[in-house]
Amino acid sequence: QRKIKTSLVKMACLCFNGDPVPEDPRAQFLGRQWETSMMHSCCDNPAGFLLSCFCSPCMAFSLRSRALQNDLTRYKCCQGYICAGCTGCCNDTSQSCPALCLCLEAFCVPNCAISATRMYVQDERQIQTDPCDNRLIRLNNFMQLLSCICSILAIFISSFRQLAHCVKLVAEIIYCIVQACMQAQTDLELTRHPTAQDYGPSATISKPPAYQTF
């Protein structure tokens, strides 16, 4: 596991830029770092990493609940970070049965649920983005896109089918590792700092910033 993760980190550092996306407001956060980076989260929080590997949706549900201080009346679909225009229409339903809606979000769109929780925690606590985190996220995004392209080509060109299967397998392994690193990072942050007040005066969250693709 460690050898695979080390290879991923080297690939991400060599091939992908660690700078934040243009106009990312999180780039303005100063002084406060994550308790651990995604790169080190599997070693600093092995239990959270393994739970995220083997039961990702359950971990996503738990982390969102903890991020909201177990007050699901504050729940919104993806906390309004992802496709706010589309998910906004779900708010009436989510207010009447937030636990069910969060469960559906965690199991049906786990990648969105995981990213939304991490961004919510980061914005609430004004945590600075780690460049290596950006590289790992971009590596994952690239592999998912590459897998999609290869799968489409395989529909029309039979010689691409074996390649498409191989790329899809690699992309799924990378996704599993990256999402587990992300959730282990968020879990450790919430464990050491259960509330935003642990850092001092809490930040005010206005309109959610632009979504960082995961």
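I looked up Glu 35 and found a salt bridge with Arg 192, the closest N and O atoms being 2.9 Å apart (a salt bridge is a side-chain nitrogen of Lys or Arg within 4 Å of a carboxyl oxygen of Asp or Glu). Glu 35 lies in the loop between helix 1 (2–15) and helix 2 (41–44) and Arg 192 in helix 10, so the pair ties together parts 157 residues apart in sequence (helices are DSSP runs of H or I, at least four residues, numbered from the N terminus).

I noted that the model is predicted: local features need pLDDT of at least 70, side-chain atom pairs count only at pLDDT 80 or more, and totals for chains, interfaces and linings use all residues. Residues are numbered from 1 along each chain as its sequence is written, and side-chain values use heavy atoms, with hydrogens and water left out.

I then checked accessibility: Glu 35 is partly exposed at 31% and Arg 192 likewise at 46% (buried means under 20% relative accessible area, exposed over 50%, partly exposed in between, with a 1.4 Å probe and protein chains only).

I searched the whole structure and found six salt bridges. Arg 66 and Asp 187 form one of them, with the closest N and O atoms 2.4 Å apart. This pair joins helix 4 (residues 56–67) to helix 10 across 121 residues. Asp 187 is buried at 11%, whereas Arg 66 is partly exposed at 24%.

Glu 189 is buried without a salt bridge, and Arg 125, the nearest side chain of opposite charge, is 5.2 Å away (Lys and Arg count as positive, Asp and Glu as negative; His and the chain ends are not counted).

Methods: Helices (H or I, at least four residues) and strands (E, at least two) are DSSP runs, numbered from the N terminus.
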